[in-house]
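The sequence and the coordinates are shown below.

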Amino acid sequence: MALHITQECINCDICPMECPNQAISMGAEFYQIDVNRCTECVGHYDEPQCVACCPVDCIEPDPIHKETQEQLYDKFLALHS
């Protein structure tokens, strides 16, 4: 499942640099995650790096974009092959 940044985001600028898939960019008011690029760091790390570094815990699973670990890994392969 892709991740989602909530409106509690304080725009601290940390998460875009931590994302190995370049899935995080500035939205109209706060950062947003491109669901087509988010693999929850599957293929790179054991846990999502944006979640690990977020100082306000505003990054959560996106219930609209549910994906299995296998689907996330397939997306990782497509992005990095």
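Asn-11 is partly exposed in this predicted model, its relative accessible area being 26%. The residue sits in the loop between strand 1 and helix 1 (15–18). Most residues other than glycine have a negative phi. Cys-41 also has a positive phi, near 70 degrees. Cys-41 belongs to the loop between strand 3 and helix 2, and at 7% relative accessibility Cys-41 counts as buried.

**Accessibility**

The table lists relative accessible areas for a set of residues.

| Residue | Relative accessible area | Class |
|---|---|---|
| Thr-39 | 0% | buried |
| Cys-41 | 7% | buried |
| Cys-50 | 7% | buried |
| Cys-54 | 13% | buried |
| Lys-75 | 13% | buried |
| Glu-67 | 24% | partly exposed |
| Asn-11 | 26% | partly exposed |
| Ala-78 | 60% | exposed |

Of the 81 residues of the protein, 35% count as buried. The accessible surface comes to about 5,100 Å², and carbon and sulfur atoms account for 48% of that area.

**Cysteines**

No disulfides are found in a search of the whole structure. For Cys-50, the closest cysteine sulfur is that of Cys-41, at 6.1 Å, so the pair is too far apart for a bond. Cys-50 is buried, because its relative accessibility of 7% is under the 20% limit. Cys-54 is likewise in no disulfide. The cysteine sulfur nearest to that of Cys-54 belongs to Cys-58 and is 3.7 Å away, whereas a disulfide requires sulfur atoms within 2.5 Å. Cys-54 is buried, with a relative accessible area of 13%.

**Nonpolar core**

In soluble globular proteins, nonpolar side chains tend to be buried together. Here the largest nonpolar core has 15 residues. Those with the most contacts inside this core are Ile-5, Cys-15, Ile-24, Ile-33 and Ile-59. Strand 1 and strand 3 (31–33) each supply at least two residues of the core. Leaving aside neighbours within four places in sequence, Cys-15 is in contact with Ile-5, Ile-24, Tyr-31, Cys-50, Cys-53 and Ile-59.

A search of the whole structure finds one salt bridge. Glu-67 forms a salt bridge with Lys-75, and the closest N and O atoms are 3.1 Å apart. The two partners fall into separate accessibility classes: Glu-67 is partly exposed at 24%, while Lys-75 is buried at 13%.

Lys-75 is also one of the residues in contact with Thr-39. Apart from neighbours within four places in sequence, Thr-39 touches Asn-21, Leu-72, Lys-75, Phe-76 and Leu-79. Thr-39 is placed in the loop between strand 3 and helix 2 (49–53). Thr-39 is buried, because its relative accessible area of 0% is under the 20% limit.

Met-1 is in the segment before strand 1 (3–5). Not counting residues up to four places away in sequence, Met-1 touches Glu-40, Pro-61, Asp-62, Pro-63, His-65, Lys-66, Glu-67 and Leu-72. One of these, Glu-67, is the acidic partner in the salt bridge. Met-1 and Gln-71 are 70 residues apart in sequence, yet 8.6 Å apart in space, C-alpha to C-alpha.

Ala-78 lies in helix 3 (residues 69–79). Ala-78 is exposed, because its relative accessible area of 60% is over the 50% limit. Between Ala-78 and Asp-62 there are 16 residues in sequence and 21 Å in space, C-alpha to C-alpha.

**Overall fold**

The secondary structure comprises three helices and four strands. Along the sequence, these elements follow the pattern β-α-β-β-α-β-α. Among contacts between residues at least 6 apart in sequence, 68% join residues at least 24 apart.

What radius of gyration does the protein have, and what would a compact globule with 81 residues have? The protein has 12 Å, and the value for a compact globule would be near 12 Å, so the two agree. Taken along the principal axes, the C-alpha atoms fill a box of roughly 30 × 25 × 20 Å.

Notes:
Residues are numbered from 1 along each chain as its sequence is written. This is a predicted model: local features need pLDDT of at least 70, side-chain atom pairs count only at pLDDT 80 or more; totals for chains, interfaces and linings use all residues. Side-chain values use heavy atoms; hydrogens and water are left out. Contact means heavy atoms within 4.5 Å. Buried means under 20% relative accessible area, exposed over 50%, partly exposed in between (1.4 Å probe, protein chains only). The radius of gyration is taken over C-alpha atoms; the globule rule is 2.2 Å times the number of residues to the power 0.38. Accessible areas come from the Shrake-Rupley method with a 1.4 Å probe; for residues, only the protein chains shown count as cover. A nonpolar core is a set of buried Ala, Val, Leu, Ile, Met, Phe, Trp, Tyr and Cys residues joined through side-chain atoms within 4.5 Å. A salt bridge is a side-chain nitrogen of Lys or Arg within 4 Å of a carboxyl oxygen of Asp or Glu.
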